[in-house]
Amino acid sequence: MIHSFDKTAQREGTASLKYDARLATFGRDDVTPMWVADMDFAVAEPIAKALQARALHPIFGYSLAPESLYQSIMDWLLAKHGWQIKREWIVLTPGVVPSLNAVVAALTAENDGVIVQPPVYFPFFSAVRNQNRRLIHNTLLLDDDDVTNLQYRMNLSDLTACASEATMLMLCSPHNPVGRVWQKYELDSVLDIANKHDLIVLADEIHADLVYTNAQHHMLGLLAYDSAKSKAAFEDNCRVITAVSPSKTFNIPGLGLSALIVPNKVHRQAIESHLDKLGVSVTNPFNMLAFETAYREGGDWLNGLIAYLQTTRDEAVAYIQLGMPEISVLPPESTYLLWLDCRKLSLDDAALRHFFIEEAGLGLSPGSLFGSAGEGFMRMNIGMPKAEVMAVLERLKSALQQRR
Ligand SMILES: Cc1ncc(COP(=O)(O)O)c(C=O)c1O
C-alpha cells in the first residue's frame, strides 16, 4: 500500500490544538501552524481501518489491555531496536509527559536534584518543578563556530559535576528540540556517570523510531544490559527507565497511551503504586487498538514517512542555508522538527516571535520555551506536505529580505 504524504486533510474545526488554538496562542488564526509536534498526515491505513471497525460497535465500556498489546511492544522493540524485554517490565501509562511526572514523583524525594539537558522539551522542567524537586541544568554544548556546522553535544564533564548533587537524570534521546541522536559513546558515558553516582536515568525515547538514515538510535536500557557486569543481577541493579510510545511516530498522540520499560522491580512497584493512587484509567477502546496496530502493521507506512520527511528536511535545510544568511540550521538526525538559530537577527524573544507571526505569517515554538539556552532560536515543525513547507520557507525568505 503506497501512502501519499503530499495530501492532507482539513484540520481546522476538529478541536486540533495545533490549528484551533492559533488565535489564543499567536493572536491571529491565519498563521501556518508549525508548533505543536503532531503531523498533518493521515495515519497508516490499518490504524484508520481498525479504529473505524471498532467505532461500529456501539458500546464503549471500560477496557482491559490485552496481552497482545504487551506482546506488540515487545515484538517492536526487538525487531526495531534489538532489545529483548520482558512482559513484566512494561508499565502502561496515559502518555509520556504523565510518565515523566509519575517517575519523578515515585523515585525521587522532595528537594532531590534532577538533571535536565537544555535546551530540552519543556515538560521536562515542569515534571521536576511539579513535584518540588530541584532542577539541575546540564546545558548542551553548541559548536557553532561555522554556520554550516551547528552541532550540539552533551557536556559530559559538567554532567559528572551535576551528578554528585542529583538523584536522577532525565535524558531526551533522540533529543527534542535539537534533533540529535546520541552516539553510543555518549550514552555509554551517561551510563558510566550514572553508575558511579547512583543516578536513576529516565530516558524519554518517544522519538526513537523516527530516525533518519544518517544516524542510528541506541536504546539506553539495552546498552545498560550489554554493559552490566552481572546479567543475572541486571534487573535488581538496573537504574534505567525508558519511556516509549508509537504516538509521535505514527501520528496518534491525541489518543494518549505510552509505556514505561522498568526492569527494576522496586522501581516498577513504586511507579505502579503512584499511578494507582492517581486513579487514572490508562487504556480505552481506541488508544490500545491504535497503539497495537501501529506496532504490528505500521512498518511500511513508517518507512515511507521517514523517506518523505528526509527529503523535506534536506530540501528545507538546503533552501535555508542557501537563501537565508540570518538563520543557521542543521538537518536533524531524528524528529520532524527544525531548530532554527535566528540569533543573527539580534531580536529579543518578543521581537523574534513578532517577526515570525506578523511578518512571515508563521506560528512556531519559541526556542526560549526550551530553556534560556534556546533564546534566539525557533522550532519549526515540518510534519506537513513538502510543497507547503517550501511555500512557507519562500514566505520566510521574503520576510527576511524585507528587513535587510
Ligand atoms: C521528548 C518528548 N516527550 C514526550 C512528548 C509527548 O508525549 P505524550 O504526548 O505521550 O505525553 C513529546 C511531544 O512532543 C516529546 O517531544
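Pro119 sits in the loop between strand S3 and helix H6 (123–130); helices (H or I, at least four residues) and strands (E, at least two) are DSSP runs, numbered from the N terminus. The peptide bond that leads from Pro118 to Pro119 is cis, with omega near 0°. This is a predicted model, in which local features need pLDDT of at least 70, side-chain atom pairs count only at pLDDT 80 or more, and totals for chains, interfaces and linings use all residues. Residues are numbered from 1 along each chain as its sequence is written, and side-chain values use heavy atoms, with hydrogens and water left out.

Another cis peptide bond joins Ser173 and Pro174, with omega about -10°. Pro174 belongs to the loop between S7 and helix H8 (184–197). In the loop between helix H5 (96–107) and S3 lies Asn111, which has a positive phi of about 75° although it is not a glycine.

Strands S3 and S7 are part of an open sheet of 7 strands, in the order S2-S10-S9-S8-S7-S3-S4, with mixed pairing. Two strands pair if DSSP finds at least two bridges between them. Strand S2 (90–93) and strand S4 (134–137) are at the edges and have a single partner strand each, so one side of each lacks a neighbour in the sheet. From one strand to the next, the twist averages 25°; axes are lines fitted to C-alpha atoms, for helices over the stretch in contact, and angles run from 0 to 180 degrees between N-to-C directions.

Strand S3 (residues 113–116) runs parallel to S4 and is joined to it by 4 bridges. In one of these pairs of strands, Val114 has Leu135 of S4 as its bridge partner. Helix H9 (residues 220–227) packs on the sheet and touches strand S7 (168–172), strand S8 (200–204) and strand S9 (240–244), where contact means heavy atoms within 4.5 Å. The direction of H9 makes about 150° with that of S9.

On the scale of the chain, there is a division into domain 1 (17–44 + 299–403) and domain 2 (67–297), with bounds from an automatic or database domain assignment. The C-alpha centres of domain 1 and domain 2 are 26 Å apart. Across the boundary, 34 residues of domain 1 are in contact with 39 residues of domain 2.
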